[in-house]
Amino acid sequence: MNPLRVAVIGGGTSCEHDVSLASAAAAGNALTAAGHDVVRLTIDRDGMWRDGAALPIGLAGAIDVLRDCQVAVPMLHGPGGEDGTLAALCDLADVPYVGSSLGASAVAMDKWATKLVAEAIGVPTAPGRLVTRSTADTETFTHPVVVKPVAAGSSHGVSMVRAASDLAAALDAAFAVDDRVLVEDVVVGREIDLAVFGRADGTRTVPPALEIVVPASGIFDLDSKYDGSAQFRIPAPVSDADRAALESAAVAVYDALGCAGVARVDFFLTDRGPVLNEVNTIPGFTEHSQVPRMFAAVGTSYPELLDAMVREAVADRVTVP
C-alpha cells in the first residue's frame, strides 16, 4: 500500500498534556515504522502550536500543515482535544482524521450525557446524580460514592468517598476542574475495558477484553493509572456469556454515541451483568496502553494497528457522500 502523509498532534492545554505527548510520540514513531511520512505537531500548555522542530507556528501555520497532510491523528486526551475540539478543527480544514466526530466526541466526553444515552438503549450505568455549584450545598451523604468531574478526562478530580466528612473535599476537588460534577453509587464489580474499532465498511472489531486489577484504594485513580502500578489481565478471564454481553454492550454504546475509529468502552462486570463506566474516544495510546495491548492479544502489532486506523480514516472520508 502507498504511504500516507500523516499529521500526529500531541500536547494540549488539559491536565493530560504529558500523557498526550507520550501517546503522540509513540504513535508517530509507530507510523514511521509502518512506512508513513509523519509530520509532528504539538500544542503547548498555553495553546501555542509548534511544528516538528518545536518552532512556534500558531494556529494558522498549523492549519497550513494539516492541509498538506492526507490524514490527521489527534492524540490529545481530555478537554481541548478528546471533547471534539480537534475534530472540529480538522473538519473546518477539510482534513480526514482518526477517531470520532465533534458530536460523538463531545457527548462521550460528557459522562452525564453518556449515561443518558446508555440508559436509553438499555445499557445499565451506576445510579448517580448531577451536581452543580448551586446545588452542591444540598448534597448529602448516605452511602459510599464516587465523585468525578463530568467532562474533565478519566481520572483528574476523581475521589472515592466512604465517609460523610470527606464529601465536601471531594466535591471541591472535582469542581476545581469542572463546573459540573457526577456523584455515583459505588458499583461492586470487576473493571473490564473493551476496545471497538469501527471500519468504513460498517464492521466492528472487538479484540479480547482487558481486566484492570483494582489497587488497594479501591479505585483506578490518577496515581495508579500512570505510576506503573496498574496490573492488566488480557484476555480478561470471563465466561463466554459475560464476554458476549460485554461486547454487545460496548458496540451498542459505541454506535449509539456515533463513535468512529477506535474507542475504549469501560465497564464494571457485576453479578447482574455489565454496567457502563465511561467511554474514551481518544484513549491513552502508547504501545503499553490498554487499547494497543488488547489488539496485540490477537496478533495486531502497534504499528499495524495505527496503520489500519489512518487508512480507515481516509477510506471513511472517501465513502461519505
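**Exercise 1. The surroundings of H36**

Which residues is H36 in contact with, leaving aside its neighbours within four places in sequence?

*Solution.* Contact means heavy atoms within 4.5 Å. Beyond those neighbours, H36 touches P3, L4, V6, L31, D307, V310 and R311. Before going on, note the ground rules. Residues are numbered from 1 along each chain as its sequence is written, and side-chain values use heavy atoms, with hydrogens and water left out. This is a predicted model: local features need pLDDT of at least 70, side-chain atom pairs count only at pLDDT 80 or more, and totals for chains, interfaces and linings use all residues.

H36 sits in the loop between α1 (17–33) and β2 (37–43). Helices (H or I, at least four residues) and strands (E, at least two) are DSSP runs, numbered from the N terminus. Then take its accessibility. Buried means under 20% relative accessible area, exposed over 50%, and partly exposed in between (1.4 Å probe, protein chains only). H36 has 5% relative accessibility, so H36 counts as buried.

**Exercise 2. A loop alanine**

Where is A136 placed, and is A136 buried or exposed?

*Solution.* Start with the chain. A136 lies in the loop between β5 (128–132) and β6 (145–149). Its relative accessible area is 16%, so A136 is buried. Now list the partners. Leaving aside neighbours within four places in sequence, A136 contacts V131, L171 and F175. Check one of them by distance. A136 and L171 are 35 residues apart along the chain, and their C-alpha atoms are separated by 7.7 Å.

**Exercise 3. A four-stranded sheet**

What is the order of the strands in the open sheet of four strands?

*Solution.* Two strands pair if DSSP finds at least two bridges between them. The order is β5-β8-β6-β7, with antiparallel pairing. The edges are β5 and β7 (159–161), each pairing on one side only. From one strand to the next, the twist averages 25°. Axes are lines fitted to C-alpha atoms, for helices over the stretch in contact, and angles run from 0 to 180 degrees between N-to-C directions.

Finish with the bridges. β6 and β8 (residues 180–185) pair in the antiparallel sense over five bridges. In β8, V183 is the bridge partner of V147. β5 and β8 also run antiparallel, joined by five bridges. Here R129 stands opposite V183 in β8.

**Exercise 4. Two helices in contact**

At what angle do α4 and α5 pack, and which residues make the contact?

*Solution.* First, the geometry. α4 (residues 102–109) and α5 (residues 111–120) pack at an angle of about 100°, with their axes 5 Å apart. Then classify. Under 35 degrees counts as roughly parallel, over 145 as roughly antiparallel, 65 to 115 as roughly perpendicular and the rest as oblique. So α4 is roughly perpendicular to α5.

Next, the residues. α4 contributes V107, A108 and M109, and α5 contributes K111, A113, T114 and V117. Sort them: five are nonpolar, one is polar and one is charged. In this sorting, Ala, Val, Leu, Ile, Met, Phe, Trp, Tyr, Cys and Pro count as nonpolar, Asp, Glu, Lys and Arg as charged, and the others, Gly among them, as polar.

**Exercise 5. Cysteines**

How many disulfides does the count come to?

*Solution.* A disulfide is a pair of cysteine sulfur atoms within 2.5 Å. By this rule the count is zero. Take C69: it is in no disulfide, and the nearest cysteine sulfur, that of C90, is 9.9 Å away. From the other end, the closest cysteine sulfur to that of C90 is in C69, at 9.9 Å, too far for a bond. C69 is buried at 9% relative accessible area. C90 is buried at 0%.

**Exercise 6. Backbone exceptions**

Which peptide bond is cis, with omega near -5°? Where are A54 and D94 found?

*Solution.* Recall the background. Most residues other than glycine have a negative phi, and most peptide bonds are trans. The bond from I234 to P235 is cis. P235 lies in the loop between β12 (231–233) and α8 (240–257).

Now the positive phi values. A54 has phi near 70°. A54 is in the loop between β3 (49–50) and α2 (58–67). At a relative accessible area of 46%, A54 is partly exposed. D94 has phi near 60°. D94 is in the loop between α3 (85–93) and α4. With 57% relative accessibility, D94 counts as exposed.
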